[in-house]
Amino acid sequence: MSRWPIAVEFKEDESLSSWLIRSALSLGCDPIVLTGWLWPKWRAWTFDLDRGLNTDKISELVKCSELNRSMFEAASLLSSASKFSARDLPRHGVWPWIQALGARNRLYRGGTQYCPLCFDCDLTPYFRKHWRFSWVTACHKHAVQMIDRCPGCHMPIESHRLQALDTAVLSQCPSCCFDYRSSPILPATTETTEFQRTALMVKNDGGVTICGSVVSTHEWFDLCKHLLLLIRRSVYLPKSTLAIAIRDSCPGAPIISSDNLILQLELLNVGARTDLLASLHHLLNNLEAFSKNLESAGALSTCLVDKGGRIPISLHFLFDALIKPDPRIYGSRILRPTKAKSKGTVMKSWVRLKRKYRLE
Ligand SMILES: [Zn+2]
Ligand SMILES: [Zn+2]
């Protein structure tokens, strides 16, 4: 395999897929053509390339680009994703806190977002790695909301489908040719920027102190996931003691529609994640008040656990003042089978169907 006539360097924090698309357009060929030439027996764009490539595939890139192997390894999301969760990252399936592409053939259902002002400031527009994080919903540099659908045609961002004959830059929609740099700008909320600042600090510093206890990076992200579960539960059960305790603890939190919560965090669009993470930000900052409100509302400890009966150790202090139910009574309540599907179950199926057919 011969060296390419044009050398394309990685930009700061650039993702692997972004570099591949820019390389293809610089060479005057379509991204799909370039990857087909690099790896003839592999349909590259049906996979999430930002998760990283195996040794053989990186070797092909090293030969053509003459860049160091370490650059391709650093462009993957693997090292960041490993910080967000202590569990093994699945080969297939969703990685915690990484937006999922939902790839079906070469079409995506989401997963990629951009800041129009970053694109506008770039000499050559490119996608940043951190734009794939689920906790990123705004650009911290420009304090504007991220965009995850083309403002022109409302399709997901699928720059790998660009054609070199149409454009030389990746900030154009492959479906309607809209220039993403001209996207309407929406200011980011204070909660969003503050939450992102905290998450970035926890990621970079290796941990943080929560209510007097030191927690590691992945423990903090685990704890956030668990609090998100409680927020979701409170939205579906607005009259529950849990929901009342959350509302009383976080009076400034946004009102969340249950329609926006049906998919898991990594599959939600940027608008739904913005509201959810703003609520999380309020709850994180009022954990002690939340604990007291749970106690005064007479909440059962079971309202804090997930289906597996699990709660992160860093949140165990919330249990202290709660009523522990009789397991025999609790067990008899939850094990009764029911034939009719709930509204929530039906809505989940509907949203999954819409996502499958890329309707939103
Ligand atoms: Zn920006
Ligand atoms: Zn478009």
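Begin by selecting Tyr114, Met146, Ile231, Ile246 and Leu280, the residues with the most contacts inside the largest nonpolar core, which has 68 residues. Such a core is a set of buried Ala, Val, Leu, Ile, Met, Phe, Trp, Tyr and Cys residues joined through C-beta atoms within 7 Å; buried denotes 20 or more other C-beta atoms within 10 Å of the residue's own, with C-beta atoms placed from the backbone. The model is predicted: local features need pLDDT of at least 70, side-chain atom pairs count only at pLDDT 80 or more, and totals for chains, interfaces and linings use all residues. Residues are numbered from 1 along each chain as its sequence is written, while chains are lettered from A and ligands numbered from 1 in the order in which they are written.

Next, colour the elements that give two or more residues to this core, including α1 (16-26), α8 (217-236) and α10 (270-284); helices are DSSP runs (H or I, at least four residues) numbered from the N terminus. The largest share, eight residues, is that of α8. Domain 1 (16-182) and domain 2 (190-356) each supply at least three residues to the core.

Now centre on Tyr114. Leaving aside residues up to four places away in sequence, Tyr114 touches Phe119, Phe127, Trp131, Met146, Ile147, Ile157 and Tyr180; contact requires C-beta atoms, placed from the backbone, within 7 Å.

Finally, select the two domains, whose bounds come from an automatic or database domain assignment.

Terms used:
A residue is buried if 20 or more other C-beta atoms lie within 10 Å of its own, exposed if 12 or fewer, and partly exposed in between; C-beta atoms are placed from the backbone. Two residues are in contact if their C-beta atoms, placed from the backbone, lie within 7 Å.
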